[in-house]
Amino acid sequence: MRITKFVTLAGLVLSLSTGLAQTSANIQGRVANENEVVQYLAKYMYELKKPYMVFHWFNGRGRNAVWTSPLASNSPSGYDHLENLGNRYYQSFCSFRNPSANPKDCGDLTDLKYGALNMYGPALYNSIDPVATFSYGGYGSDWVLMQTQLPRGYRVMDVAKDNQLFPREISNFFLQASCSVAVQNISGLLQVGYTNYSYIVSDSCLMTARRILKDQLKMDGFFYSYSAIDFQECNRQPVANSVETAAIGNYQGPFNGRAFILANPAKISRNSVKVYNEQTTDATAERALILSVFNAFRSAYSGSLFQSWKDITAADLDRNISTWMKDNLVGCQDDVPYIPATTDVSNTQDDVKKKDASDNNLSGA
């Protein structure tokens, strides 16, 4: 799913050049230390309170031939694609000019130009329902849909909710790390990898932002403002104040109008990823559920999918799709999908996969 921020590269370079030149002049007052910055940002870290699905459409034409061939829903190419794109977010915080200074997990950066000018740089962009970004697959016959179930406990930020300006001492910390004056809120911090492609972002800023987000906060992904479908079946209402909402700052909601960037594929098990194209013939129940969601949107889009999946008829649709949607789609229920993150971030990849194994049921059964 390619989501482009409309800004000229020349304008970006000029803006960042000016900002960097003024860095020292903008440091006024106390400068927070890194531990204080981590503690401040930790207040904006959340954990998903149950598994939720997200969706990524792309056009398979001109890529690996697997995408335009008969595609099994559990094809290993699906997880490989998720892993490749999912790792790119934190890779974009690595230095192109000085690779020897990079942490070992930066890996090979030669393929990062794909998606470099997207809103948050190269990453795995997902919608919170299967309809909103259908057009990113194209309207022809070469579309591919990747469906991913995020596990309970996945650690996230929410830019759409928490994007206030940093306190002066926090902004000063990033200025002292030679970051642009644009890094003055969470969104600016999350876009450091995007601005890396101007080649004027300092290695100090890149390594500092990466270390805080990836290694200390252990952020697995984040929500940001983007289009989503307001299904009638979801019946979204403002979220009432409760003990739960008070714990996350009396969030009012409803939780909608977001998309999601997945930045840690290591916590996603292989059986949590499904891929479909028009030639997919297995996973009939799962495909019928997707068609049922499209049908709930009451859109001509569903007719296009019915032409592709002719083995599924109107009789196969789930007449109680609203229940499935509320159980599986982020933001469909009249509450928020996360709770404050725990301070214990010591879970290993194997521990997380074992903990969430019972949650990985993509059929919704």
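The disulfides of the protein pair up as 1-2, 3-4, 5-6, with bonded cysteines counted along the chain. The count comes to three disulfides, a disulfide being a pair of cysteine sulfur atoms within 2.5 Å. This is a predicted model, in which local features need pLDDT of at least 70, side-chain atom pairs count only at pLDDT 80 or more, and totals for chains, interfaces and linings use all residues. Residues are numbered from 1 along each chain as its sequence is written, and side-chain values use heavy atoms, with hydrogens and water left out.

**Cys94 and Cys106**
- A disulfide joins Cys94 to Cys106, with S to S at 2.0 Å.
- The link is left-handed, with -90° about the S-S bond.
- Cys94 and Cys106 are twelve residues apart, each in the loop between helix 4 (76-91) and strand 3 (124-127). Helices (H or I, at least four residues) and strands (E, at least two) are DSSP runs, numbered from the N terminus.
- Both cysteines are buried, meaning under 20% relative accessible area (1.4 Å probe, protein chains only).

**Cys179 and Cys205**
- Cys179 is bonded to Cys205, S to S 2.1 Å.
- The S-S torsion is about 105°, so this disulfide is right-handed.
- Cys179 sits in the loop between helix 5 (168-176) and helix 6 (186-190), and Cys205 in helix 8 (residues 203-216), so the pair ties together parts 26 residues apart in sequence.
- Cys179 is buried at 0% relative accessibility. Cys205 is buried at 2%.

**Cys234 and Cys332**
- Cys234 bonds to Cys332, S to S 2.0 Å.
- This link is left-handed, with -100° about the S-S bond.
- Both Cys234 and Cys332 are buried.

Terms used:
Buried means under 20% relative accessible area, exposed over 50%, partly exposed in between (1.4 Å probe, protein chains only).
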